[in-house]
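Please view the sequence and the structure first.

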Amino acid sequence: MERKDIKSILQCPYKDILDYLLSIVNLNKKELEAIEEVDIKGYTEEYTAEVLGVSQRYIQQQRSKAYKKLSKAWSNSHFAYLILKELREDK
């Protein structure tokens, strides 16, 4: 699954569906926090790093690790592809 597809799914307006899709991925607390703040809530990496008291590079690393895990898990999930298809049709 491509990065743009992951970003689309993370913008899913249906919280229950997004929560389920995130639950099938083994993200650690820091990875989940990074994608929640930047990709879901829309804060910048710089702002997120400042609030969390870490470097922007650290946020980038956590997001990168999270995206790799999301890609691997969601590539094997028919449900993730159905949601992605639905999100594309809604645009």
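Is Arg63 buried or exposed? With a relative accessible area of 7%, Arg63 is buried; buried means under 20% relative accessible area, exposed over 50%, and partly exposed in between (1.4 Å probe, protein chains only). The model is predicted: local features need pLDDT of at least 70, side-chain atom pairs count only at pLDDT 80 or more, and totals for chains, interfaces and linings use all residues. Residues are numbered from 1 along each chain as its sequence is written, and side-chain values use heavy atoms, with hydrogens and water left out.

**Count**
- A salt bridge is a side-chain nitrogen of Lys or Arg within 4 Å of a carboxyl oxygen of Asp or Glu, and by this rule there are seven salt bridges.

**Asp39 and Arg63**
- The closest N and O atoms of the salt bridge between Asp39 and Arg63 are 2.7 Å apart.
- This pair links distant parts of the chain, 24 residues apart, with Asp39 in helix α3 and Arg63 in helix α5 (residues 56-75); helices (H or I, at least four residues) are DSSP runs, numbered from the N terminus.
- Asp39 counts as buried, at 8% relative accessibility.
- A network of salt bridges links Asp39, Glu45 and Arg63.

**Lys30 and Glu33**
- Lys30 and Glu33 form a salt bridge with closest N and O atoms 3.9 Å apart.
- Both residues lie in helix α3 (residues 29-40), three residues apart, about one turn of the helix.
- Lys30 is partly exposed at 39% relative accessible area, and Glu33 is partly exposed at 22%.

**Glu37 and Lys41**
- A salt bridge joins the side chains of Glu37 and Lys41 (3.1 Å, N to O).
- Glu37 is buried, with a relative accessible area of 17%, whereas Lys41 counts as exposed at 52%.

Definitions and conventions
Helices (H or I, at least four residues) and strands (E, at least two) are DSSP runs, numbered from the N terminus.
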